[in-house]
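Please look over the structure shown below before reading on.

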Amino acid sequence: MLKRNIDDGGDREPIHSAPKRTRLAHKNSQGSISNASKKKLKHEDYTVGWICPLEVEQTAAWEMLDEEHEPLPQRRSDHNVYTLGSIGGHNVVIAGLPKPGNNPAATVVAQMRATFEELRFGLLVGIGGGVPTMTDSGIIRLGDVVVGKPTGVHSGAVQYDHGKSEVGEFKRTSSLTQPPTVLLNAAQKLASKRSRTHHDPILENIKRINTTVWGLQKYEHPGLVHDHLYRPDYIHLDPKVSCDRCKCDPAQRVQRDTGDDDDGTRVVVHRGTIASGERVIKDGVLRDQLAEQFDVLCFETEAAGALDDFPCIIIRGISDYCDSHKNNQWHGYAAATAAAYARELFFYMPMDEVKRCVPAQEDYQKMQLG
Ligand SMILES: [Zn+2]
């Protein structure tokens, strides 16, 4: 059984590397789903929203659909980019923005709910910055998935804000809306099922992304040799170039032995509290300070806006460690693991329970739309 020692010199195959494989049967040779096979449904047929503002996240989400549906008309004020389809019998709206904006997730959600009034809840799926801490599933590292789960006094997500600009001036503002029970139950059942089998359906889902296609190469596992955690107080030397090029000192990396229980056949999923705030954390000391203060596993910048009045579960693939060394190298694979987890969750959501969730559209009518 492989021992997962991250800075071990790189003479081992990456553990999550997805084998190459041919496209799925419902897709054509160009990798897109054929128009002839697309169904056209009505706006009200869609009950689940999948929110992913970044393009790298939207593409990964698209690859997770069982089938894609024909686009539907949207209002002129609705600037979202939608992909419609189904997973496990649930009709899902994948929503993103054509370009990053000021408060993108909140905007995406507001417009999506105005167009698709029967949406019951959302999945906020994408990349996030991890806290390199130990959980029941092991040490959090790049490419792992963190899923929001109510823990202690927190609802699964905690919102913090920076009252002043100085480092360390963050204060918690509130716990965010708890994910809907149907999603929490689905996450619980999925965890239980995965714990009892060698086969990992999440890893299988990642393989849906054909990384031999030029535009999908970014979803390839970068290799464990590129998962470096530096000491929290060791600052990246040149923000304009990568650690390798600016020669960040390898002696400052933290050696992590993640144990003997990982044989590389599964994606590691951690469940707990996720921190959401306006500011991207790029400071290892601040990361650890906030993580300890709020007992969080992961940081992200979108949920606080989206979760205001829309029940969601947050699913984040870990693409960096929220320190000054962060770069884009793991964005693709981390987006893929998050999307692959999200896809699997659909198979644990009973159709009738989803429909019983009340769409909060009445309250929502009061919201101002852009
Ligand atoms: Zn560096």
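In which sense do strand β8 and β11 pair, and over how many bridges? Strand β8 (residues 145–148) and β11 pair in the parallel sense, over four bridges, where two strands count as paired if DSSP finds at least two bridges between them. This is a predicted model, in which local features need pLDDT of at least 70 and side-chain atom pairs count only at pLDDT 80 or more, while totals for chains, interfaces and linings use all residues. Residues are numbered from 1 along each chain as its sequence is written.

**Overall make-up**
- The protein has ten helices and 13 strands, these being DSSP runs numbered from the N terminus, with helices (H or I) of at least four residues and strands (E) of at least two.
- Of the 370 residues in the protein, 45% are buried; a residue is buried if 20 or more other C-beta atoms lie within 10 Å of its own, exposed if 12 or fewer, and partly exposed in between, with C-beta atoms placed from the backbone.
- Among contacts between residues at least 6 apart in sequence, 75% join residues at least 24 apart, a contact being two residues whose C-beta atoms, placed from the backbone, lie within 7 Å.

**Strands β11 and β12**
- Strand β11 (residues 269–276) is mostly covered, since eight of its eight residues are buried.
- V296, which is found in strand β12, is buried, with 23 other C-beta atoms within 10 Å.
- Not counting residues up to four places away in sequence, V296 touches V131, V158, T273, I274, A275, L290 and A291.
- V296 and A157 are 139 residues apart in sequence, and their C-alpha atoms are 8.5 Å apart in space.

**The largest nonpolar core and helix α8**
- The largest nonpolar core has 92 residues, of which W50, V93 and I315 touch the most other members; such a core is a set of buried Ala, Val, Leu, Ile, Met, Phe, Trp, Tyr and Cys residues joined through C-beta atoms within 7 Å.
- Helix α8 (residues 331–346) gives the most to this core, with eleven residues.
- Because 16 of the 16 residues of α8 are buried, this helix is largely enclosed by the rest of the structure.
- From its first C-alpha to its last, α8 reaches 23 Å, close to the 22 Å expected at 1.5 Å a residue, the expected span being 1.5 Å times one less than the number of residues.
- Leaving aside neighbours within four places in sequence, V93 is in contact with Y46, G49, W50, Y82, L84, M112, F116 and L119.

**Residues in loops**
- K218 lies in the loop between α4 (201–206) and α5 (243–246), and with 20 C-beta neighbours inside 10 Å it counts as buried.
- Not counting residues up to four places away in sequence, K218 touches V56 and G332; the C-alpha atoms of K218 and V56, 162 residues apart along the chain, are separated by 8.7 Å.
- K247, found in the loop between α5 and β11, has a phi near 60°, a positive value in a residue other than glycine, and K247 is exposed, with 10 other C-beta atoms within 10 Å.
- C322, found in the loop between β13 (312–320) and α8, has a phi near 55°, again positive in a residue other than glycine, whereas C322 is buried, with 27 other C-beta atoms within 10 Å.
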